[in-house]
Amino acid sequence: MRLTDGETAVERTSDRELVVTRTVRGAARHVFEAWARPELFKRWWAPASFGVTIISYEADVRTGGSYRLEMGHPSSDQTMTFFGRYLDVVPDTRIVWTNEEGDQDGPVTTVTFEERDGETLVMVHDLYPSKQSLDEAIASGSTSGWGEQLEQLDAVLANLDAGTEGA
């Protein structure tokens, strides 16, 4: 499986691995900030077309830290809660976290930021615990919003690089 929207590539690289890549217009330090600062993260993480809003997001983005994200949809009284731990954080370079919600272990996600001439190659690597769990994630559509999310990240970064967001 390889999907691309022209700028974002989503590829299943093995039975258990999904890799998303996109070059965004911003310095690596700003891309890292947009992932690590809750007030910025909340502005781009939920794909707008999904109609989902971020109700709350708390994150201590450091090795050994944790996060908790709660999202909702206007058509439902129920919320979705996501949480986990940060296994490795290297500022401006890499964030590795667990996805611990649900009855079984979720993927371990690694995102890397590689700056090139004022732009940053973002690579998200999800390693699922089993083929079945990745199959289920793809079938549910939970992996389908990456293009839109990273497009929204680009918009946030445009303000950061312009100095209008107090970076």
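This is a predicted model: local features need pLDDT of at least 70, side-chain atom pairs count only at pLDDT 80 or more; totals for chains, interfaces and linings use all residues.
**View 1. The hairpin formed by strand 4 and strand 5.** Strand 4, which covers residues 53–59, pairs with strand 5, which covers residues 66–72, and the two run in the antiparallel sense over six bridges. Within this pairing, glutamate 58 stands opposite arginine 68 of strand 5. Six residues lie between the two strands of the hairpin, and in the turn glycine 64 has a positive phi of about 95 degrees.

View 2. The side chain of glutamine 149 reaches the backbone oxygen of tryptophan 45 at 2.6 Å. When residues up to four places away in sequence are not counted, glutamine 149 touches Trp44, Trp45 and Pro47.

**View 3. The largest pocket and its lining.** This pocket has a volume of about 1,000 Å³ and is lined by 38 residues, of which Phe82, Asn99, Glu101, Tyr128 and Ser142 lie nearest its centre. At least two residues of the lining of the largest pocket come from each of strand 5, strand 6 (79–90), strand 7 (94–98), helix 3 (131–140) and helix 4, and helix 3 gives the most, with four residues. By residue class, the lining of the largest pocket divides into 20 nonpolar, 13 polar and five charged residues.

How values were computed. Residues are numbered from 1 along each chain as its sequence is written. Side-chain values use heavy atoms; hydrogens and water are left out. Two strands pair if DSSP finds at least two bridges between them. A polar contact is a pair of N or O atoms within 3.5 Å; within protein, one must be able to donate a hydrogen and the other to accept it, and residues adjacent in sequence count only if both atoms are side-chain atoms. Contact means heavy atoms within 4.5 Å. On a 1 Å grid over the protein atoms alone, a cavity is a set of points where a 1.4 Å probe fits but cannot get out, and a pocket is an open set with protein on both sides within 12 Å along at least five of seven lines; lining residues have an atom within 4 Å of a point. Grid points are joined across faces, edges and corners, and a volume is the space filled by probe spheres set on the points. Ala, Val, Leu, Ile, Met, Phe, Trp, Tyr, Cys and Pro count as nonpolar, Asp, Glu, Lys and Arg as charged, and the others, Gly among them, as polar.
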